[in-house]
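User: I am new to this structure and would like to go through it step by step. Could you please show it to me?

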Amino acid sequence: MASVFAHAFTAYAMGKGFSKEIANIKFWFLGIACAILPDADVIGFKFGISYEDFWGHRGFSHSLVFAIFLGIIITFIFYHKKFATKTGVFLSLYFIICTASHGILDAMTTGGLGIAFFSPFDDTRYFFPWRPIQVSPIGASKFFSIWGIKVLLSELVWVGIPAGMYIFIVCYVKKRKIQP
């Protein structure tokens with residue numbers, strides 16, 4: 001898996017396109033939560049759920065169906081007054097993309113069993129052919145090691161720099177639109 005930092009920064013970067021009226025603390029918290037939540041499936045290890053099971057790590061919670069479901073539910077619960085509006089559609093898309101980005105980043109890592117993108121219809125696990133991101137260890141204690149440093153450096157190159165460039169471009173374009 002990619003680290004919590006890469007998932008959170010990806011959600012932050014994608015949210016920079018929204019106006020300041022929409023992008024408040026609730027918006028940022030929910031977007032980042034959507035990007036991180038799929039990894040809650042690691043709790044299953046404590047209950048005897050195997051990695052390769054439907055509910056196992058990188059299973060259903062990393063699927064596109066889960067991303068759609070979560071994005072719509074988050075919008076409905078936290079933005080119910082805007083749910084059936086154009087803004088509601090864009091918020092749903094944002095939360096869906098934040099959630100789906102988790103599986104996409106994980107499919108670009110060097111370890112694990114792959115991502116069940118099409119679960120519950122197909123539980124086959126997939127990786128992308130290009131996998132430049134160093135897989136993150138499961139568990140905070142293992143993260144604070146040489147392995148964790150290698151993960152952060154890998155994510156800086158393959159997630160941080162591209163996301164930072166995207167943020168810069170979005171901010172530049174927004175600033176240009178504001179100036180007369």
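User: How are α1 and α4 oriented to each other?
Analyst: Helix α1 and helix α4 are oblique to each other. Angles under 35 degrees count as roughly parallel, over 145 as roughly antiparallel, 65 to 115 as roughly perpendicular and the rest as oblique. Helix α1 covers residues 4-15 and helix α4 residues 86-106, and the two pack at an angle of about 140° with their axes 10 Å apart. Helices here are DSSP runs of H or I with at least four residues, numbered from the N terminus.

User: What kind of model is this, and how is it numbered?
Analyst: This is a predicted model, in which local features need pLDDT of at least 70, side-chain atom pairs count only at pLDDT 80 or more, and totals for chains, interfaces and linings use all residues. Residues are numbered from 1 along each chain as its sequence is written, and side-chain values use heavy atoms, with hydrogens and water left out.

User: Back to the helices: what do the angle and the distance refer to?
Analyst: Axes are lines fitted to C-alpha atoms, for helices over the stretch in contact, and angles run from 0 to 180 degrees between N-to-C directions.

User: In which hand does α1 pass α4?
Analyst: The crossing of α1 and α4 is right-handed. A crossing is right-handed if the near helix is turned clockwise from the far one by less than a right angle, and left-handed if anticlockwise.

User: And how do α3 and α4 pack?
Analyst: Helices α3 and α4 pack at an angle of about 140°, and their axes are 8 Å apart. That makes α3 oblique to α4. Helix α3 passes α4 in a right-handed crossing.

User: Which residues of α1 can we look at?
Analyst: Phe9 is placed in helix α1, and Tyr12 is in helix α1 as well. Phe9 is partly exposed, with a relative accessible area of 29%, and Tyr12 is partly exposed at 31%. Buried means under 20% relative accessible area, exposed over 50%, and partly exposed in between, with a 1.4 Å probe and protein chains only.

User: How far is Tyr12 from Cys98?
Analyst: The C-alpha atoms of Tyr12 and Cys98 are separated by 8.9 Å, while the two residues are 86 residues apart along the chain.

User: What is the backbone like at Arg58?
Analyst: Phi of Arg58 is near 70°, which is a positive value in a residue other than glycine.

User: Where is the cis peptide bond?
Analyst: A cis peptide bond joins Ser119 and Pro120, with omega about 10°. Pro120 lies in the loop between α4 and α5 (140-143). Gln134 is also in the loop between α4 and α5, and counts as partly exposed at 27% relative accessibility.

User: Last topic: which residues form the nonpolar patch on the surface?
Analyst: The patch is formed by Trp130, Ile146, Ile149, Leu153, Leu156, Val157, Trp158, Ile161 and Met165, with about 930 Å² of accessible area together. Patches are made of residues with over 30% relative accessible area and no salt bridge, where like charges are joined within 9 Å and nonpolar side chains (Val, Leu, Ile, Met, Phe, Trp, Tyr) within 5 Å. Accessible areas come from the Shrake-Rupley method with a 1.4 Å probe, and for residues only the protein chains shown count as cover.

User: Where does Leu156 sit?
Analyst: Leu156 is in helix α6, residues 146-178. Leu156 is partly exposed, with a relative accessible area of 48%.

Definitions and conventions: Salt bridge = Lys/Arg side-chain N within 4 Å of Asp/Glu carboxyl O.
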